[in-house]
Amino acid sequence: MTNFSAAEARPGLRVVPAVRLEDVTRSFGRGKSAVAALRGVSVEFPAGSFTAIMGPSGSGKSTLLQCAAGLDRPTSGRVLLGDTDLAGLNESRLTRLRRDRIGFVFQSFNLIPALTARQNITLPLRLAGRRVDRAWLEELVERTGLSGRVGHRPAEMSGGQQQRVAIARALVTKPDVVFGDEPTGALDISTGQEVLRLLREVVDGLGQTLVMVTHDPVAASYADRVLFLADGLIVEGMDRPTADAVASRLTGLGR
Ligand SMILES: Nc1ncnc2c1ncn2[C@@H]1O[C@H](COP(=O)(O)OP(=O)(O)OP(=O)(O)O)[C@@H](O)[C@H]1O
């Protein structure tokens, strides 16, 4: 079992990572047709860090993200969000934890077409029965470059603007961690890079923790660290990645 742990803490200081997976396995099916999607993954995502997860198709990236985000339950092993062990939560508490403490950004934006940008951004708060912090909303709108657009509906916005709305929505609850599943996959190169710069700024400027699955070495180069998955295991970690180094490592894994 390979352990990819956070940077060494000062002696005596216990640094709780935002998310931790301990020897997580996830199998689908039984008997001869069983598939081991994750085969013993241990990893920590330090608070305030930006991690990209890469690997060949079928290596377990989506399964890892789903288990880490409490959308799927491991077959064995533990997932902790801060100090909370997700295995101890029933479905309704898990749903609440996802709503209140985790943000999601998807390839396809997943905005509600009938709602304005502002209404989409504040939807997680409304669902939780929490009041909208006006100052925080203003800051998010400003940081995501959406000033002047908040009254628009998704159909009236470009793909990049829609993804920025989705990012603001993911941040509005001040979650412990934001998970991204190919957040730039549906965008052209230059719009994708604008979104990646915004994600980087969300980590550097707001101290947010970000974990992103991507197939794109350029996208991965915006992260602090890249984890490479192969056949259900993390086989390598790369700090301060460059797009070229990531691309050549992926070629070695048979992408
Ligand atoms: N619900 C499921 N039922 C059966 N097998 C599954 C299920 N979900 C995933 N798998 C299998 O688990 C393995 C890992 O799948 P996963 O989707 O996590 O890979 P991935 O790295 O995200 O792939 P891709 O890059 O193609 O999206 C694959 O062999 C896949 O077929």
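Colleague: Is the crossing of H5 and H6 left-handed or right-handed?
Modeller: The crossing of H5 and H6 is right-handed (the near helix is turned clockwise from the far one by less than a right angle). This is a predicted model, where local features need pLDDT of at least 70 and side-chain atom pairs count only at pLDDT 80 or more, while totals for chains, interfaces and linings use all residues. Numbering starts from 1 along each chain as its sequence is written.

Colleague: At what angle do H5 and H6 pack?
Modeller: Helix H5 (residues 159–171) and helix H6 (residues 189–206) pack at about 20 degrees, and their axes are 9 Å apart (axes are lines fitted to C-alpha atoms over the stretch in contact; angles run from 0 to 180 degrees between N-to-C directions). H5 and H6 are therefore roughly parallel (under 35 degrees).

Colleague: Which residues of H5 and H6 meet?
Modeller: H5 brings Gly159, Gly160, Gln163, Arg164, Ile167 and Leu171, and H6 brings Thr191, Glu194, Val195, Leu198 and Val202 (contact: C-beta atoms, placed from the backbone, within 7 Å). By class, that contact of H5 with H6 has five nonpolar, four polar and two charged residues (Ala, Val, Leu, Ile, Met, Phe, Trp, Tyr, Cys and Pro are nonpolar; Asp, Glu, Lys and Arg are charged; the others, Gly among them, are polar).

Colleague: And H3 with H5, how far apart are their axes?
Modeller: The axes of helix H3 (residues 117–128) and H5 are 7 Å apart, at an angle of about 30 degrees. H3 and H5 are therefore roughly parallel to each other, and H3 passes H5 in a right-handed crossing. Ala117, Asn120, Ile121, Leu123 and Pro124 of H3 make the contact with Val165, Ala168 and Arg169 of H5. Six of the residues in the contact of H3 with H5 are nonpolar, one is polar and one is charged.

Colleague: New topic. What surrounds the ligand?
Modeller: Phe28, Gly29, Val35, Ala37, Gly55, Ser57, Gly58, Ser59, Gly60, Lys61, Ser62 and Thr63 (C-beta atom, placed from the backbone, within 6 Å of the ligand). Strand E3 (35–45) and helix H1 (61–68) are the elements giving two or more residues to this shell.

Colleague: Which element gives the largest share?
Modeller: H1, with three residues of the shell. By class, the shell has three nonpolar, eight polar and one charged.

Colleague: How many helices and strands are in the chain?
Modeller: The protein chain has eight helices and eleven strands (DSSP runs numbered from the N terminus: H or I of at least four residues for helices, E of at least two for strands). The C-alpha trace spans about 50 × 45 × 40 Å along its principal axes.

Methods. Parallel < 35°, antiparallel > 145°, perpendicular 65-115°, else oblique. Contact = placed C-beta atoms within 7 Å.
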